[in-house]
Amino acid sequence: MVHSAASSENIGVPSSTPPEPRKKTISNPYIHRLQRRHFLLFDVLPIIGTAVAVGLLWVIPVPTSAWVSLGVMWLLTGLGITVGYHRLFTHRTFKAAPGAVVALAIAGSMAGQGPVISWVALHRRHHECSDRDGDPHSPNLSGDGFRGALRGLVHSHFLWMRRHEYPNVMHYAPDLLKNRALLRISRHYHLWVVLGLVIPAAIVGVMEWSLTGVLMGFLWGGLVRIFVLEHIVWAINSFLHMYGTRPYESRENSRNGGVFALVTLGEAWHNNHHAFPDSASFGLNWYRVDPGYWLIVVLSACGLATDVGVPSPQRRAAKRIRTTPAGADAGDVRGGD
Ligand SMILES: [Zn+2]
Ligand SMILES: [Zn+2]
């Protein structure tokens, strides 16, 4: 990993000179080359794969097993991202048994959204700088008017990944760097992505007992699944920092998009999440759909998760945005969500 240059440059400098602080982000041609390669392989290639899969719909009928592989792999890798990458590794909203840590990290890695430690560092920086200078993917910093909004949406949804300042993992994820299992999983990221393509190809190939089955599993359970999940996750970064409801006070422009709660596995309660980033539950109420939290509840019931964080009613009430409709008395106030 890249370190601050402070130590070597300080030779001969009087000891009273404070050391140069560790850089929070790193930007150099090597890092940008890696980012461009990742963008082409894991972000552009799934788009091409999806176009091929859709084009083949008119030529080869898609077997049921391929549709099932799409659904199962989407659920597996989607839970890896929201429960593993996001709620456990980034925000430490609960503690997990070592077996669950490894399973969630591998499932998340298969999504093709980056090695777990880089993902965590990027997301912690997003929370630190949300919708301000330094946010890797804000839709709100690209100018005013319709053109500014459109530019912001395209940037935050997709194009920011081509080239961006890389958050220093020594600064943003020192806790994860101490975990040898996570470090090893993070280093073998490419292996997990390939495994996520090989598994559906092999299973559908065996079930259909044909090479066409292998191709269908690779396309639908592999590339199309990566494409679908990526755009779901990216829509949180883009649309849910612009449009939706805002029941809680938070210092950025995060929003809730309840209609997308199921398909995002609970991530669509994004304003709730920014208001209470230490909460394992994003829905916050039992009646709000939050499959990611449901998995944490199941893990907890099985003894695989402990210290599950949920904000108290008092904390929630203190952050609630209150609107007083005309003519209503003070007891009839509510925020919209
Ligand atoms: Zn977060
Ligand atoms: Zn956000």
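A: Pro115 counts as buried because it has 23 C-beta neighbours inside 10 Å. The cut-offs are these: a residue is buried if 20 or more other C-beta atoms lie within 10 Å of its own, exposed if 12 or fewer, and partly exposed in between, with C-beta atoms placed from the backbone.

A word on the model. It is predicted, so local features need pLDDT of at least 70 and side-chain atom pairs count only at pLDDT 80 or more, while totals for chains, interfaces and linings use all residues. Residues are numbered from 1 along each chain as its sequence is written, and chains are lettered from A and ligands numbered from 1 in the order in which they are written.

Back to Pro115. It sits in the loop between helix H4 and helix H5 (116–129). Helices (H or I, at least four residues) and strands (E, at least two) are DSSP runs, numbered from the N terminus. Ser186 is 71 residues away from Pro115 in sequence, yet their C-alpha atoms are 4.9 Å apart. Leaving aside neighbours within four places in sequence, Pro115 is in contact with Ser109, Ser186 and Tyr189. Contact means that two C-beta atoms, placed from the backbone, lie within 7 Å.

Step on to Val116. Not counting residues up to four places away in sequence, its contacts include Tyr85, Phe89, Ser109 and Ser186. Val116 is also among the residues with the most contacts inside the largest nonpolar core, along with Val120 and Ile296. Such a core is a set of buried Ala, Val, Leu, Ile, Met, Phe, Trp, Tyr and Cys residues joined through C-beta atoms within 7 Å. This one has 62 residues. The elements giving two or more residues to this core include H3, H4, H5 and H13. H11 gives the largest share, eleven residues.

Look at how H3 meets H13. Two packed helices are described by the angle between their axes and the distance between the axes. Here the axes come within 9 Å and cross at roughly 75°. Axes are lines fitted to C-alpha atoms, for helices over the stretch in contact, and angles run from 0 to 180 degrees between N-to-C directions. That makes H3 roughly perpendicular to H13. Angles under 35 degrees count as roughly parallel, over 145 as roughly antiparallel, 65 to 115 as roughly perpendicular and the rest as oblique. In H3, Leu79, Thr82, Val83 and Arg87 meet Gly292, Leu295 and Ile296 of H13.

Most residues other than glycine have a negative phi. Leu284 is not a glycine, but its phi is positive, about 70°. Leu284 lies in the loop between helix H12 (270–275) and H13. Leu284 is buried because it has 22 C-beta neighbours inside 10 Å. Asp307 also has a positive phi, about 50°, without being a glycine. Its loop runs between E4 and helix H14 (313–319).
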